[in-house]
Each structure stands twice: as structure tokens, then as C-alpha cells.
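Dear colleague,

I am passing a structure on to you, together with some notes on its side chains. Please have the sequence and the 3D view open while you read.

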Amino acid sequence: MNILKNGKLDDAYIKGMDYMRELYRLHAFPDNLFMFDDKGRNNLFLEKKAAMIVQGSWFIGNGAISMDDSTVDVVNFPSFKEGKADDSAIVYGFGNGDFHISTKAYYDEKKRNACIKFFKYLTSEEAGNLIVNSSGSISNIKSVYRDKISDILLKGDALRENSKELVGPPDSYVERTAWDNMMIKNFPDMLKGNKAGLRLMK
């Protein structure tokens, strides 16, 4: 799906920020939330100091969480009704992990050919199998197989298959400078319900 519909931000992203703001209001996040980096956030969950984390499929099997870890589960948020998605149920972050080539490399035939060769390997069945079986990631390469099936991977598959809509991460649609300087900068104000932050939702 595209982040914009008729020139306006899609409602799915607005609803997502509504849920985030409600969780913030309920004190679901640590008091020093705005000081966390990625590692600090991950460690809260890995050290069992946080009840849940929103992460990519690669987070499973990264050495810290085993695909067979019975203390970790995949949950739907918001919950599905009778195992099926309602009108607002989506899976966020699908389709990211794209590969890009710089303009400088593209116009240098030797570098361009080397990049293309590398991209072909990264999207090959061989590379897909290595990534999927070492990290638990989901692959778009249909011929990729898993060496081992676990409950947590099956639940991830069911989440994807039963969702009404698959949604790309917003930072894959927004130009990076605008994302860093406007979206990220104003996100705390959005969670707090301040005017500056709420403008992100319009």
C-alpha cells in the first residue's frame, strides 16, 4: 500500500499513532523513553524488563531469542476477532529491506556490474536460505525453505496470512531528511498530544 491516499496520509498510519499515544498515556513505555537507542530498547525486552517489543522477523533467532523460546510469543495488536482481521487489522513494515545503488556507482560500468552481481546473490535462493535459517526472517523469495519450523514462526506466518492489509514502514516512503528532521523530532510531542506533534497526523 502507499502511505498517501488522495494526497493525504493513509488512515492506517493515523490509527497506528493513535494506538501509540494511548499506550504512552497508559504508561506502557519507560519514563526515559525518549533517551533510548535501538540497543537499549532491545535489551529491555531481552533482559525481561519489558513485556513486549515491536520488532522485525529478523529479531527472532538473532542469538538472543531462540526460535524455540517458549517465553516469547507473537501477538496481534490490536487483537484479531475470532482469529480473523477486522477492518483495521494490518501487518506493519512489510516489504522493507530494499537494495539501492548510488548514482556514482551506477554511472561507473565496472561498479554497476559489481553491484548488480552482488544484488543477484543477495536475492538468490542460496542467500535467502542462509538469511531465513539464521535469523527467522521472512523472505519474498518463494523457493526459500526453512530447515526448522517452530511455533513462533508459524504464528508469524498466520499473522501475515490473516491480516487484511500489509503496510510498508512510513520511513520507506518519506525522504530521509524530512523523516529525521521533522517526523522523529516531533514524535515525542505527538505522543504527548502537543499541537506540534499532532500536526504529523494531518
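The notes below take up the aromatic rings and then the salt bridges.

Please keep in mind that this is a predicted model. The structure holds two aromatic pairs. In one of them, the ring centres of tyrosine 24 and phenylalanine 34 are 6.0 Å apart with the planes at 35 degrees, so this pair is tilted. The pair links distant parts of the chain, since tyrosine 24 belongs to helix α1 while phenylalanine 34 sits in the loop between α1 and α2, 10 residues apart. Tyrosine 24 has a relative accessibility of 25% and counts as partly exposed, and phenylalanine 34, at 36%, is also partly exposed.

The rings of tyrosine 106 and tyrosine 107 have their centres 5.2 Å apart and their planes at 90 degrees, which makes the pair edge-to-face. Tyrosine 106 is partly exposed at 41%, whereas tyrosine 107 is exposed at 66%.

Another joins arginine 25 to glutamate 22, where the closest N and O atoms are 2.8 Å apart, and both residues lie in helix α1. In helix α2, three residues separate arginine 41 from aspartate 38, and their salt bridge has its closest N and O atoms 3.6 Å apart.

Notes. Residues numbered from 1 in each chain as written. Predicted model: local features only at pLDDT ≥ 70, side-chain atom pairs only at ≥ 80, totals over all residues. Heavy atoms only, no water. Phe/Tyr/Trp six-rings, centres within 6.5 Å; stacked < 30°, edge-to-face > 60°. Helix = DSSP H or I, 4+ residues; strand = E, 2+ residues; numbered from the N terminus. Buried < 20%, exposed > 50% of the residue type's maximum accessible area, 1.4 Å probe, protein only. Salt bridge = Lys/Arg side-chain N within 4 Å of Asp/Glu carboxyl O.
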